[in-house]
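Hi,

Here is the model we talked about.

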Number of protein chains: 2
Amino acid sequence: MVAKIFSEPVQVANFETDLHGDINLQYLIDTIVQVSEDQSNDLAVGINRVQQAGATWVVIQYDVTIMRLPRANERLEVSTQGSEYTNNFARRNFWARTTDGQLLVSVTSLWVTMDLKTRKMVKINPEMVTPYGSERVHRIGRMQKIQKLPSEEVISTNYPVRFSDIDFNGHVSNTHYIGWMVDTLPFSFLKAHRAVGFSIKFADEVRYGDAVTSRATVLPAETGYDWSVHQILVQEQVSATAQIKWENLE
Amino acid sequence: MVAKIFSEPVQVANFETDLHGDINLQYLIDTIVQVSEDQSNDLAVGINRVQQAGATWVVIQYDVTIMRLPRANERLEVSTQGSEYTNNFARRNFWARTTDGQLLVSVTSLWVTMDLKTRKMVKINPEMVTPYGSERVHRIGRMQKIQKLPSEEVISTNYPVRFSDIDFNGHVSNTHYIGWMVDTLPFSFLKAHRAVGFSIKFADEVRYGDAVTSRATVLPAETGYDWSVHQILVQEQVSATAQIKWENLE
């Protein structure tokens, strides 16, 4: 059985774009997550239903491949598919296409379920995944390995955790981490580069009142692309790591 | 002649909402501004065309009345009308309604045009307003007067100006100011209150690299509503002021 693919039309708003007129990476993830939430509600396994059973979905990693970033006012079709799961992990894929079918962005993501009270990982309840047509498998393919942040030449920015960073659960929306990461890079670098892919891995929740430090470095270009490597820290504890692949526009 | 009203359907995304599931005030303004940009493009007087003539629109003030804040996933009809203009000022109205016509939010706003080179205010070119059906008037009605921030018991937060705060013009999107203002208020206050209206007045642009300070105070409730008063400062210079009216949820 092949898992259901759920699609919906999306239009990129001007305010979701950056200096280049490209969607910013935080809104890109916000947009695909919105489509997966719409699918969950459509299948009557929305977040309220899942939380009634005492558990919640937690994303572990997104791997994002960007053929071309969606642009201001562009109309897209965004699709999602909960593809496969094991005892402990579930995989979900996403695609953003132009209205005439050209693939712009593809994403795969890895999820676990967490007990709402203990905040610990629990086995996936099959009732939470079978409505999507997800296939039970023995093993899920590996996600991208994220490069370590070298100790030298690290840029660092501190961000206050804002009320608007918090979602209806009272935690920082994890799409905000990629925003903090990108914004730490120098203006001159961001003006001269455009993201062509990234992987972000989540290690710990960030809460209101936490002091967030975003650390980053740009690695020397080797393959024609520049890579940046990122960490989000709260009191020296790593909350998330990422690497972003950039094309040079100059 | 009555100015044209332009409407379009909008759906509130989860990620645009706060802890209460209400649209946050920054996204509320982002959404209405997007609709007015769509009208401008529809009338072939979009920002590119206006800037070719050497000028750009600059908003001076928004006065916002909120009957009820739009909620996560709610479908709206958002309308806008460039209603009237004088030599120097133009007024634009906005409405957000439920799909069955219930008025949720109404906004009026005051605009000027600025020379792109000198960054100084210039007389409005009638060619920039007549496509909207705007009426030339001798005088435009007054906007709300914004209360002064008292010197005592002021809360203050510093924000880095982020790359993602910047729009395609290289300046901070002014909708971000209301975000900074709200986020300065204490968590306990924001959890216990919901905005029922606000006015925000813009005095100066904020640029990348500026150190932004957001100052606020909550005035003692007199009329059953609480009011907060706000300032955004860059190096002791006021960039924006606002007042927000809140209902107490407790």
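Predicted model: local features only at pLDDT ≥ 70, side-chain atom pairs only at ≥ 80, totals over all residues.

Residues are numbered from 1 along each chain as its sequence is written, chains are lettered from A and ligands numbered from 1 in the order in which they are written, and side-chain values use heavy atoms, with hydrogens and water left out.

**The interface**

Chain A puts 35 residues in contact with 35 residues of chain B (contact means heavy atoms within 4.5 Å). Together the two chains bury about 3,000 Å², 56% of it on carbon and sulfur atoms; that is the accessible area (1.4 Å probe) lost on putting the two parts together, summed over both. Phe15(A), Arg162(A) and Phe163(A) supply 25% of the area that chain A buries against chain B, more than any other three residues.

Two salt bridges run between chain A and chain B (a side-chain nitrogen of Lys or Arg within 4 Å of a carboxyl oxygen of Asp or Glu). One pairs Arg162(A) with Asp183(B), at 2.5 Å from N to O. On the chain A side, α1 (25-42), β8 (155-160), α3 and α4 (187-192) each supply at least two residues that touch chain B, and α1(A) gives the most, with eight residues. Helices (H or I, at least four residues) and strands (E, at least two) are DSSP runs, numbered from the N terminus.

**Salt bridges around Asp22(B)**

Over all chains the count is twelve salt bridges. Asp22(B) has Arg71(B) as a partner, with the closest N and O atoms 2.8 Å apart. Arg71(B) lies in the loop between β2 (55-66) and β3 (75-85) and Asp22(B) in the loop between β1 (6-11) and α1 (25-42), so the pair ties together parts of chain B that are 49 residues apart in sequence. Asp22(B) also meets Arg194(B), at 2.6 Å from N to O. Arg194(B) sits in strand β9 (residues 193-202), so this pair links parts that are 172 residues apart in sequence.

Asp22(B) is buried, at 1% relative accessibility, while Arg71(B) is partly exposed at 35%. Buried means under 20% relative accessible area, exposed over 50%, partly exposed in between (1.4 Å probe, protein chains only).

**A covered helix**

Helix α3 (residues 175-184) of chain A is mostly covered, with ten of its ten residues buried. Among them are His176(A), Trp180(A) and Asp183(A).

Cheers
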